[in-house]
Structures are given as C-alpha cells and as structure tokens.
Amino acid sequence: SQYQIAVLVGSLRKDSLNQKLANGLIKLAPPGFSFTQVQIADLPLYNQDDDEHPAPAVVRIKNEIQSANGILFVSPEYNRSIPGVLKNALDHGSRPAGQSVWAGKAAGIIGVSTGAIGTAMAQQHLRNVLSYLDVAVMRQPEGYLQMREGMFDPDGNIGAGSRAYLQNWMDKYVAWIRKNAA
Ligand code: FNR
C-alpha cells in the first residue's frame, strides 16, 4: 500500500467498543491504505531510567510508529481524559529527548463511549498532548460517538445507522493523511 497507518487503541479490554470501532472503521478505507495496530499492552510503565536500555516492546512500537505514514487513535475516555495505557505509549514514543517518533506525523482521533459526550473531553486532552508532540491532527470532522444498539453488525462491520457518518469521517481522514503525511 501507498500509505501505512499505525493504529493505537486506548483500551486493552477484550470486548472493547473502541477496538470494534477501530476494526470496523479501517474497513471503510480506500485501496492504497493499510492499517496495522500497534500493540501497547506489553509496554512497561514509562521510566526515564530505562531510556538508555529500552525494553524490546518499546523499540518495537517506536519502529512501528516511525515507519508509518499516519496514525489513527481510537480511544475511550477514562475519567474525562485519555486512559493511562495510551498516555504511557505516547510517553514512550516521545523519548529520549530529541528522538521522538511522533514529530511531523499526521493523525486522526476518534472514540466511542457509553456516555453522552462520546469521549469529547478525552479527545481534547489528546489534542493537547499531540500538539506538543508536533503531530498534525485532523481538526474536522470531529468523531464523538456514543454507543448505540446496532453501531456494529455481527460481522464486525460498522452498522447501517453509523455508516454514512463514519464513511465521511474516514474519507476526510484519508484526505488529511494524503495532504499531511511526511
Ligand atoms: C469509564 N467510562 C467513561 N465514559 C465516559 O464517557 N467518560 C468518562 O470519563 C468515563 N470514565 C471511565 C473511567 C474508567 C476507569 C472506565 C473503566 C470507564 C465508561 C467507558 O466509556 C466505557 O467503559 C467504555 O466501554 C470503555 O471503552 P472500551 O473499553 O469499551 O473501548
């Protein structure tokens, strides 16, 4: 594929709605885009003492992010912010100083919640962090989703009721990546 996208999902839960959203969403992408999830569950907790001797999982995710043309963040909101597992991955990728893998990347962020605000506050926190990390995040359309019956069909596709909205989101996302990929 022309564009390799690294997908980061902010939930480790087996039945994660955000994992389902990520899986369904990437099926809406056009040819020329391939999506590979960056596994973050096996990362150690970030400790600056380890910068000189990073764990294999840290080296792996840094390589995966570095070689990607774009990033897709799909995350729940935890206590009005991003889950610690996602912040941990962001911190790992940002260090050692001067060797961040995030700088200059293009990205999109989206998330689904059981709550009415659909991860809006978590996404704003994530935008704040990514702005500092010099990631070009798509501004519009925003993607705030509240879980509804039928959002996913039994085969893991996006259900009919959410399909037009998410197809438009994906169309704008791929245009953003084409324009901003380093
Ligand atoms: C939540 N949840 C939640 N929802 C929300 O809309 N805003 C919030 O601040 C929080 N806070 C929060 C904290 C913690 C620790 C948990 C476990 C959950 C509910 C959350 O939206 C719901 O559990 C989702 O199903 C989590 O996403 P996944 O794991 O299904 O992808």
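These legends describe close-up views of a predicted model.

**View 1. Strand 1 and strand 2 run parallel and are joined by five bridges.**
Strand 1 covers residues 3-9 and strand 2 covers residues 33-37.

**View 2. The largest nonpolar core has 29 residues.**
Leu 21, Phe 35, Leu 72, Ile 110 and Tyr 173 have the most contacts inside this core. At least two core residues come from each of strand 1, helix 1, strand 2, strand 3 (70-74), strand 4 (106-113) and helix 5 (160-180). Helix 5 gives the largest share, seven residues. Apart from this core lies another one, of 27 residues, including Ile 65, Ile 71, Leu 86 and Val 101. In soluble globular proteins, nonpolar side chains tend to be buried together.

**View 3. Tyr 173 is among the residues with the most contacts inside the largest core.**
Leaving aside residues up to four places away in sequence, Tyr 173 touches Ile 5, Phe 35, Gly 70, Ile 71, Leu 72, Ala 107, Gly 108 and Met 138.

**View 4. Helix 1 packs against helix 5 at an angle of about 70°.**
The two axes are 10 Å apart. Angles of 65 to 115 degrees count as roughly perpendicular, so helix 1 is roughly perpendicular to helix 5. On the helix 1 side the contact is made by Leu 21, Leu 25 and Ile 26. On the helix 5 side it is made by Leu 166, Trp 169 and Met 170.

**View 5. Helix 1 is mostly covered, with seven of its ten residues buried.**
The buried residues are Leu 17, Asn 18, Gln 19, Leu 21, Ala 22, Gly 24 and Leu 25. Their cover includes strand 1, strand 2, strand 3, strand 4, strand 6 (144-146) and helix 5. Gln 19 has a relative accessibility of 18%. Buried means under 20%, so Gln 19 counts as buried. Not counting residues up to four places away in sequence, Gln 19 touches Val 9 and Gln 37.

**View 6. The axes of helix 3 and helix 4 cross at roughly 5°.**
Helix 3 spans residues 84-93, helix 4 spans residues 120-132, and their axes come within 12 Å. Angles under 35 degrees count as roughly parallel, so helix 3 is roughly parallel to helix 4. Leu 86, Lys 87 and Leu 90 in helix 3 meet Leu 126, Val 129 and Leu 130 in helix 4. Buried residues of helix 3 are Leu 86, Asn 88, Ala 89, Leu 90, His 92 and Gly 93. They pack against strand 1, helix 2 (56-66), strand 3 and helix 4.

Pro 141 lies in the loop between strand 5 (136-137) and strand 6. Arg 80 lies in the loop between strand 3 and helix 3 and is partly exposed, with a relative accessible area of 46%.

Definitions and conventions
Residues numbered from 1 in each chain as written. Predicted model: local features only at pLDDT ≥ 70, side-chain atom pairs only at ≥ 80, totals over all residues. Heavy atoms only, no water. Pairing = 2+ DSSP bridges. Helix = DSSP H or I, 4+ residues; strand = E, 2+ residues; numbered from the N terminus. Core = buried A, V, L, I, M, F, W, Y, C linked by side-chain atoms within 4.5 Å. Buried < 20%, exposed > 50% of the residue type's maximum accessible area, 1.4 Å probe, protein only. Contact = heavy atoms within 4.5 Å. Axes fitted to C-alpha atoms, helices over the stretch in contact; angles between N-to-C directions. Parallel < 35°, antiparallel > 145°, perpendicular 65-115°, else oblique.
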